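Walk me through this protein chain, starting from the inside.

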Amino acid sequence: MRVLSAVLLCVAMSAAWAAPVLTRAPITYVLDYGGKHLGHDQWVADTIAARPQLLHLGKDVVMTHNWGPIQALGGENQAYGKGDSVRRLTLEETKQRRAGLTDMVRRLHDGGVTMVMPYICAMTIGGDPDKRTGFWEFYDHWGEYAGEFRLGPRPADDPITWLQVEPDGKPHFFYRLTDGKYPPYEPNIRYAVCMNNPHWRYWSEQVTRMCAEVGYDGVFVDNAGSQRCYCRYCQAAFQEWLKARYHGRPKDYYAGQPILLTDDLKQGLAAVDSRRFWADSFSKHLMALKAAGEKAHQPFYVFPNGGESRPEHVWGGYMPVDFIMFERSVGDFGTNPGMAGRRIVRDIKLRHMNHNIFENKLTQAAGGNERPLLLTRGGYPALNPDWDLNVDAAALGMAESAAYGNGGGFLVRPDYATFGDVLRQYRGFFERKTPLYEGNWSYAQVQLACFPSQKMYGNLPHISRVRSLTDALGECHVLFDYNTRWPGFHFPELQQYRLIILPDVKYMDVGSADQLIQYLKAGGKAIIVGENATMGAELPRPQTSPFASLPQDGRMHTLGQGQYVSCALPPNGKQLWAILGQLGLQDLALCPPEANQHVRFNAFAKADGKTLYFHVLNYDVPLGATARLEHPREGLKLRLPLPPGASAKRAVVHDPDKAEAAKVEIGAGGTVALPPLRVYEVVEVGL
Ligand SMILES: [Zn+2]
């Protein structure tokens with residue numbers, strides 16, 4: 001068996017090697033799937049008054065991806081999917097639609113909405129192939145529109161051949177049919193088409209081009225990660241992909257294991273490669289849509305949905321895209337940021353801190369183009385009024401986007417009577433304070449290994465451990481980075497951190513694990529949780545882990561000059577604080593864990609190393625439509641962890657609720673007393 005160079009393998013997953021990008025300023029973001037935009041002047045005026053930087057619309061398009069040109073506007077895949085809504089527009093009506101949309105988008109831009117993007121989908125068509133309704137009706141009348149809309153020749157193969165299929169050739173449905181029907185489309189059926197099918201790709205490019213031609217700045221692409229297909233195009237593309245990845249000799253690497261497209265993890269490397277291949281497929285599809293749009297409008301952005309619960313796609317599949325949606329529908333307390341209460345008995349309420357730290361941190365660390373856009377809910381499918389968004393929680397969501405430096409945004413719904421002021425306020429703050437947000441490096445003393453590729457191998461505990469440790473590190477008020485770089489560790493990079501945490505990275509090559517051992521022996525400190533490096537990563541096979549001999553007893557041990565604690569399960573906040581004590585690292589905390597439980601920090605440094613920015617978020621914002629943050633947090637004292645040998649010369653605090661930045665005194669050892677904290681402050685420190 002040939003020994004594979006990690007570097008060569010990583011060429012195939014080149015995104016993973018992308019250098020960490022500098023920080024970018026956040027944006028304000030509104031999603032509006034309403035069906036009454038075109039021709040509604042009041043809607044245009046109301047939207048302009050709130051001036052979101054990114055406005056995401058429904059199917060306000062010339063031709064929809066799933067039906068072709070139809071009467072209805074707005075909505076996502078399911079909305080307006082039957083009756084008159086899906087009546088095919090005549091050529092004349094479609095021309096009027098195009099003219100109307102061009103005017104509407106121009107007015108939104110003129111009014112200060114920076115980016116406007118409508119809805120399309122990566123894999124849906126609707127209709128009945130036998131009755132020739134829905135998308136098939138449009139396909140049969142393709143020629144009527146082809147000249148005016150420059151559609152080119154009709155794809156030769158009937159759309160029924162575009163479907164994603166199971167290994168046995170039967171259509172693959174992502175959305176289960178009820179008694180053979182898809183209720184939102186009845187009497188039509190919703191089908192899933194394949195992103196590797198050249199005809200679907202061609203049609204999707206035409207839809208996108210027509211979006212760009214009316215002036216849209218990009219497209220939101222729903223279901224962008226929903227590709228699990230075994231059609232002949234996928235089979236052929238998979239073979240090509242394997243050849244490229246394994247330098248023309250996949251058999252040498254598979255060493256007798258079956259080489260086939262499969263979702264069955266029992267098939268070992270084949271299943272891992274199939275997942276990589278499908279991720280690569282939708283990445284290619286998205287980039288083809290971007291290129292199609294760019295021919296008519298520059299810049300032109302692609303904004304896929306599919307970040308939530310798919311960190312492996314955020315890291316390895318989507319990174320060249322411009323934006324990515326985390327559709328965070330489901331949480332035990334809803335998902336809106338802030339304090340959610342749940343009544344246990346009468347007056348006893350359980351309080352839970354909701355946050356989006358993992359999602360924001362992951363995109364910050366992944367280092368691609370993508371900017372995260374966070375969709376959160378006050379319960380799903382039904383809204384719990386106690387968890388609904390209010391103005392202060394919306395401010396907190398936007399502040400989170402700002403604090404992680406990834407250029408992202410937080411979804412605010414188009415209820416401008418409620419949220420118009422806070423949208424304007426935060427956009428104004430982000431634009432006035434752009435220098436705080438652009439061009440910085442992450443600043444942290446702890447590194448938490450976060451390798452989303454573990455999920456491709458079927459290692460599910462890893463990411464759940466990363467999430468628990470994210471909570472624990474937050475509770476201990478220490479600054480941390482995720483290491484998402486693959487194949488894992490690189491000794492010289494590790495040396496800039498005072499603590500490395502390795503949580504259940506089961507698939508890791510011995511060479512990478514040895515880098516961490518080297519760091520430890522040279523005087524580093526580590527917390528090692530669960531099972532690590534027991535399987536290879538390049539080739540997932542059992543191996544002897546360099547961590548196998550370390551006692552997993554939760555106590556401090558030494559290795560060379562270094563110290564480590566190894567434990568079976570991730571420590572909670574209290575346990576982590578005790579471990580930090582054993583390792584002599586409690587000085588990393590900006591404030592003690594018990595105090596200020598719901599305050600969180602993130603930090604950046606200017607590239608020249610002369611300025612630090614400490615972002616301070618107050619999650620003590622109560623959720624509920626009518627709830628308000630009554631009292632700011634008073635008397636918050638921070639001890640800023642400064643670089644070795646540096647001293648702080650001056651500090652000012654920026655707060656979106658205040659017109660002027662406030663100077664604060666710096667005490668001995670880099671301590672500062674913050675002004676009363678409502679939702680968000682940035683402490684700018686000159687070194
Ligand atoms: Zn396929």
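By class, 6 nonpolar, 2 polar and 1 charged residues line the second largest cavity. The model is a predicted one, and this cavity has a volume of about 40 Å³. Its lining consists of Ile357, Tyr404, Leu473, Gly474, His477, Val478, Phe480, Arg600 and Phe601. Two elements give two or more residues each to that lining: helix H16 (461–475) and strand E22 (599–606). Counting cavities of 30 Å³ or more gives 3.

How do we find such spaces? Rolling a probe the size of a water molecule over the atoms shows where empty space is left.

Next, turn to the open spaces. The largest pocket has a volume of about 1100 Å³. It is lined by 42 residues, and Glu327, Ser329, Leu375, Arg377 and Tyr380 are the closest to its centre. Strands supply the elements that give two or more residues to this lining: E8 (218–222), E10 (323–328), E13 (371–376) and E14 (409–412). Which of them gives the most to the lining? Strand E14 does, with 3 residues. The pocket lining divides by class into 20 nonpolar, 13 polar and 9 charged residues.

Now look at a pair of helices. Helix H2 covers residues 41–50, and helix H13 covers residues 416–432. Their axes come within 8 Å and cross at roughly 35°. On the H2 side, the contact is made by Asp46, Thr47, Ala49 and Ala50. On the H13 side, Tyr416, Gly420, Leu423 and Arg424 meet them. Taken by class, the residues of this contact are 4 nonpolar, 2 polar and 2 charged. Asp46 in H2 and Arg424 in H13 are the charged ones.

Finally, step back to the whole chain. Its secondary structure comes to 19 helices and 28 strands. The radius of gyration is 26 Å, close to the 26 Å that the globule rule gives for 687 residues, so the chain is as compact as a globular protein of that length. The C-alpha trace spans about 75 × 65 × 55 Å along its principal axes. Buried residues make up 59% of the 687 residues. Here, buried means under 20% relative accessible area.

Technical notes. Residues numbered from 1 in each chain as written. Predicted model: local features only at pLDDT ≥ 70, side-chain atom pairs only at ≥ 80, totals over all residues. Heavy atoms only, no water. 1 Å grid on protein atoms, 1.4 Å probe; cavity = no way out; pocket = protein on both sides within 12 Å on 5 of 7 lines; lining within 4 Å. Points joined across faces, edges and corners; volume = space filled by probe spheres on them. Helix = DSSP H or I, 4+ residues; strand = E, 2+ residues; numbered from the N terminus. Axes fitted to C-alpha atoms, helices over the stretch in contact; angles between N-to-C directions. Contact = heavy atoms within 4.5 Å. Rg over C-alpha atoms; globule rule 2.2 N^0.38 Å. Buried < 20%, exposed > 50% of the residue type's maximum accessible area, 1.4 Å probe, protein only.
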